[in-house]
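Dear colleague,

Please find the sequence and structure below. My findings follow directly after them.

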Amino acid sequence: MKFSILAESLNKMEKTAKRLELTQYLVELFEKTPQDVISRIVYLLQGKLRPDFEGIELGVAEKLAIRAISKSSGITTKRIEEAYRKSGDLGQAATKILEQKTQTTFLVENITVERVYETLFKIARLEGSRSQDMKMKYISSLLNDATPLEASYILKILLGTLRLGVAENTVMDALAIAYTGSKENRKPLEHAYNVSSDLGKVAETIASKGIKGVEEFEIILFNPIRPMLADRVKSEEEAIEKMGIEFAAEYKLDGERVQVHVEKEKVVLFSRSLENISEYYPDIIEKIPNAVLADQAILEAEAVAINENTGEFLPFQELMHRRRKYKIEKAVSQYPITVNFFDILYHNGKSCLEQEYKERRKLLEKIIKEDEFAKHVPMGIVKNQNEIQEFLENSINSGSEGLMLKMLDKPYQAGSRGNYWLKLKREYQNELGDSLDLVVIGAFFGKGRRTGRYGTLLLASYDEDTDTFTSICKVGTGFTDEYLDQLYQILSDKVTIKKNPRIDSEMEADVWFEPELVIEIVASEITLSPIHKAAKDAIRKDAGLALRFPKFTGKIRVEKFAEDASTNEEVIALYKGQKKVAHDKSLM
Ligand code: AMP
């Protein structure tokens, strides 16, 4: 497949912010894509080479790319750097430079998607002392044969600056339309994606085996399953209203969610955001095979830091000491953990997702042999407010955050947040200022002590209906110098030239970011706002909701995707809840 077809599509997509148009361009692109190239096209569209969990990163530095452009154009690196500074985008700068050059030379080759992909793959795989030179050679050989437009997209993919704003949902819509003629057929695609976390593989399946093949898609051991999420409730009363007469209550432990894939002695661990995190937990890798009485299993657990002397659970932050590449053994002995299992998704070649919760729990208890390290998450069946309250007290006293309430007769819904699981934290009760997880979408430069860093961040909640990030507040408090530095560093990789089409904000930030980073915020109140876009029109026409006196809590939620941030529905519920509390208080 000619690479020019992809480059032209990318060019069109970059110029629009409208989801319908993006979908249409994708459909046109997929219709021109041969079956055996479709997975590569889908990965490249997302700026990747393989699904995230495989951890293959391109990681080419700007300096190297500039050297490669210089090599193939004959123009000095200094002039390229100047052009880059002017346009702010190396891809665009390269286009201009190469356009000048093509006026004097002939293009000899038609480059293909296959060739670009293979070359990028080789680049990603290169390691060692000579790797920089080799990388440069590969890049400049591609640029030599590319048209200026193609070169610009090759560079954007290489540098990780391709910002199309296409969400996975949009890609699935387009796949359904291109291969079945209707968006209505998206459901099986979603299911396949939820159990494999590999959109390229899903695309390849629909292209080669049709919708039937997608419907028969099965769980693959060592490919992560997208996790099931919980809605929140504010009180025992609300929980009973939503859950019915009898349901399970589990401790909500304050640790890191780990999806444990086991086959005999082989263990692989995935985080909630589906990264392979095995390297941080050598203790789990070593000890789990002894505790699992099955040939194959996919299990879900919460890894929690503990006080070794008392066995008490310690807060999430303690675990972050393990997020290091070196001297991990030391961290393992300094910050001991237990692994607390709460679900089973796959057992000896068969999916357990369709089984009811109570069946899965039974199987889990049979398969995990408890010891000092591997535990079952404490669980009880509850029927009324008193029983929930008692279990909640016990949970809080053990150092946990609250409860997870789960319907007994429901399946595991991979990749979705629904009413089958609810979370009840103690501080939600009768509180105005609940914590929210919000997406950093923009920033304003700081003054004084904060010069050269971001002084204030613009935050958004997630709108599930439109798949957009809606502005909800600016936040400038709660940041220590250390946090400011850390955030500046993390965010500098996410800067975009134009506002991502999935961002909905009337406020103009100094810098816009790819909506990716999630941070935790507390606030004193939620109010109606003429400027902010969260839950616009939901409470009053032409007004959105905004946080008053927001403050950063110090928690950067690395384990969360932007789509896991607090939703507008949650914001509306909190807004209504605070009204109710205020009303109840005034009656007292
Ligand atoms: P939150 O991050 O507040 O949305 O809460 C959901 C998280 O709670 C999950 O991703 C898990 O990491 C964690 N968790 C702790 N205990 C449990 C449990 N018993 N069942 C499910 N999730 C749990």
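In this predicted model, a polar side-chain atom of Glu 250 lies 2.8 Å from a nitrogen atom of the ligand, a polar contact being a pair of N or O atoms within 3.5 Å. A nitrogen atom of the ligand is also 2.9 Å from a side-chain N or O atom of Lys 406, and an oxygen atom of the ligand is 3.4 Å from one in the side chain of Lys 560. Of the 500 Å² of accessible area that the ligand has on its own, the protein covers 94% (Shrake-Rupley method, 1.4 Å probe). The ligand is surrounded by 16 residues, and Leu 253, Glu 302 and Lys 423 are among the closest (a heavy atom within 4 Å).

Helix α17 comprises residues 385-397 (helices are DSSP runs of H or I with at least four residues, numbered from the N terminus). Its buried residues are Ile 388, Phe 391, Leu 392, Ser 395 and Ile 396 (under 20% relative accessible area; exposed means over 50%; 1.4 Å probe, protein chains only). Seen down the axis of α17, these residues fall within an arc of 135°, so they line one face of the helix (directions from the axis to the C-beta atoms). On the other side, Asn 386, Glu 390 and Asn 397 are exposed. After α17 comes Gly 399, with a positive phi near 100°.

Residues are numbered from 1 along each chain as its sequence is written, and side-chain values use heavy atoms, without hydrogens and water. Local features need pLDDT of at least 70 and side-chain atom pairs count only at pLDDT 80 or more, while totals for chains, interfaces and linings use all residues.

With kind regards

Notes. Helix = DSSP H or I, 4+ residues; strand = E, 2+ residues; numbered from the N terminus. Expected span 1.5 Å × (residues − 1). Polar contact = N/O pair within 3.5 Å; in protein donor to acceptor, adjacent residues only side chain to side chain.
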